[in-house]
Amino acid sequence: MEDRAIVVTRRLPGVPFDSLAKRFRAGDPPPDEPMSREEFLRRVRGASGILCTLADRVDAETLEAAGPALSVVSNYAVGVNNVDVAEATRRRVRVCNTPDVLTDATADLGFALLLAAARKFSDAEGYLRAGRWTGWDPWGFLGVPVSGKALGIVGMGKIGSAVARRARGFSMRVLYHARRPLPPEREAEAQASYSGLDALLSESDFVVLCVPLTAETRGLMSRERLSRMKPTAVLVNIARGEVVDDAALAEALSSGRLFAAGLDVYEKEPVVHPALLSAPSAVLLPHLGSATREAREAMGRLATGNLLAVLEGREPPTPVN
């Protein structure tokens with residue numbers, strides 16, 4: 001066994017903790033739930049590597065607690081908003097993530113939310129399960145059509161592009177907004193047209209959020225921007241919860257200012273705004289974007305590969321810095 005220590009913050013699909021523990025000092029097996037902040041800070045002292053999740057805050061305090069031995073933070077996620085990448089870079093600590101392997105799973109879920117919200121699945125299912133259904137009703141749970149409508153994608157990275165591909169089967173006109181337009185060949189491949197954000201919001205029948213969480217995207221869907229959407233429109237968030245003002249969204253749904261929403265993430269996750277829980281036409285999922293066995297195990301293998309590559313002096317497969 002090597003003398004170097006590692007920290008794995010949670011039992012994760014695809015992460016072979018027992019094998020890692022035979023090679024490195026790894027401490028007790030990781031828990032099945034998020035590790036407490038106190039336990040995390042205790043375990044990272046003197047560690048050479050950290051394999052963590054979005055629930056683990058890797059900030060200056062964490063990096064200081066780990067000390068100079070730390071060389072890699074391998075995040076079991078695409079987003080790294082839980083990691084102070086600038087501070088890690090200053091300390092010459094590599095930060096890695098798990099892109100690509102969860103693209104299709106997340107795009108599938110995004111389109112499922114779009115369909116479910118458009119056709120009021122949650123409201124209708126709750127009605128049936130409560131024993132209130134008495135038979136076919138020509139006025140019951142009328143939704144909005146998807147085929148042939150305008151889809152606006154905010155954030156046209158790999159997941160946004162995958163959502164655009166799925167829209168072809170529904171003959172949707174695709175608009176997108178990103179920090180910069182795609183190269184012409186990628187735009188043609190996606191069969192999508194670049195749009196300013198405000199124009200996209202006002203023209204789209206469906207808006208799917210696929211942006212990373214940054215200083216620029218935090219609070220992006222504010223009360224004012226939500227008001228630009230059509231009253232018949234549907235908002236889907238498969239990005240990060242902090243991109244949307246949940247209270248304003250709940251108000252728009254309750255007042256009928258917005259037709260429906262499909263959410264997989266929340267502003268104060270895991271706490272869900274109470275007004276969203278009671279809002280009509282809201283399809284709410286508990287952060288399931290990458291939740292297929294294949295995707296989660298691939299994430300674990302990639303996170304493990306990143307960790308080991310840096311510890312072995314090799315370039316990691318998917319570095320952030």
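Start with the open sheet of four strands, ordered β1-β2-β3-β4 and paired in parallel. Colour its two edges: β1 (6-8) and β4 (94-96) each pair on one side only. Neighbouring strands here are turned against each other by 10° on average, if you ignore direction. Keep in mind as you click around that this is a predicted model.

Now zoom in on β1 and its partner β2 (residues 49-52). The two strands run parallel and are joined by three bridges. Select V7 and look across to β2: the residue standing opposite is I50.

What packs on this sheet? Show helix α13 (residues 293-311), which touches β1, β2, β3 (72-75) and β4. The direction of α13 makes about 170° with that of β3.

While you're in this part of the model, follow the chain on from β4. The loop between β4 and α5 (103-118) holds D100. Check the backbone there: D100 has a positive phi of about 75°, although it isn't a glycine.

Next stop, the other sheet. Select seven strands in the order β7-β6-β5-β8-β9-β10-β11, and you have an open sheet with parallel pairing. Which strands stand at the edges? They are β7 (192-194) and β11 (282-284); each has a single partner strand, so one side of each is left without a neighbour in the sheet. From one strand to the next, the twist averages 20°.

For a close-up, pick β9 (residues 234-237) and β10 (residues 260-263). They pair in the parallel sense over four bridges.

Helix α11 (residues 246-255) lies across β9, β10 and β11, running at about 145° to β10.

Stay with β6 for a moment and select H177, which is found in that strand. Leave aside the neighbours within four places in sequence, and H177 is in contact with I153, V154, G155, M156, Y194, S195, G196, L197 and L200.

Then trace the loop between β10 and α12 (274-278), where you'll find P270. Look at the peptide bond joining E269 and P270: it is cis, with omega at about 10°.

Now for some aromatics. A search of the whole structure finds three aromatic pairs. Show the side chains of Y127 and F141 for one of them: the ring centres are 5.2 Å apart and the planes sit at 70°, so the pair is edge-to-face. Y127 lies in helix α6 (residues 121-129) and F141 in the loop between α6 and β5 (150-154), so this pair ties together parts that are 14 residues apart in sequence.

Which residues line the second largest pocket? Y127 and F141 are both in the lining, along with A124, E125, L128, W133, T134, G135, W136, D137 and G140.

Terms used
Residues are numbered from 1 along each chain as its sequence is written. This is a predicted model: local features need pLDDT of at least 70, side-chain atom pairs count only at pLDDT 80 or more; totals for chains, interfaces and linings use all residues. Side-chain values use heavy atoms; hydrogens and water are left out. On a 1 Å grid over the protein atoms alone, a cavity is a set of points where a 1.4 Å probe fits but cannot get out, and a pocket is an open set with protein on both sides within 12 Å along at least five of seven lines; lining residues have an atom within 4 Å of a point. Two strands pair if DSSP finds at least two bridges between them. Axes are lines fitted to C-alpha atoms, for helices over the stretch in contact, and angles run from 0 to 180 degrees between N-to-C directions. Contact means heavy atoms within 4.5 Å. Rings of Phe, Tyr and Trp (its six-membered ring) pair if their centres lie within 6.5 Å; planes under 30 degrees apart count as stacked, over 60 as edge-to-face and the rest as tilted.
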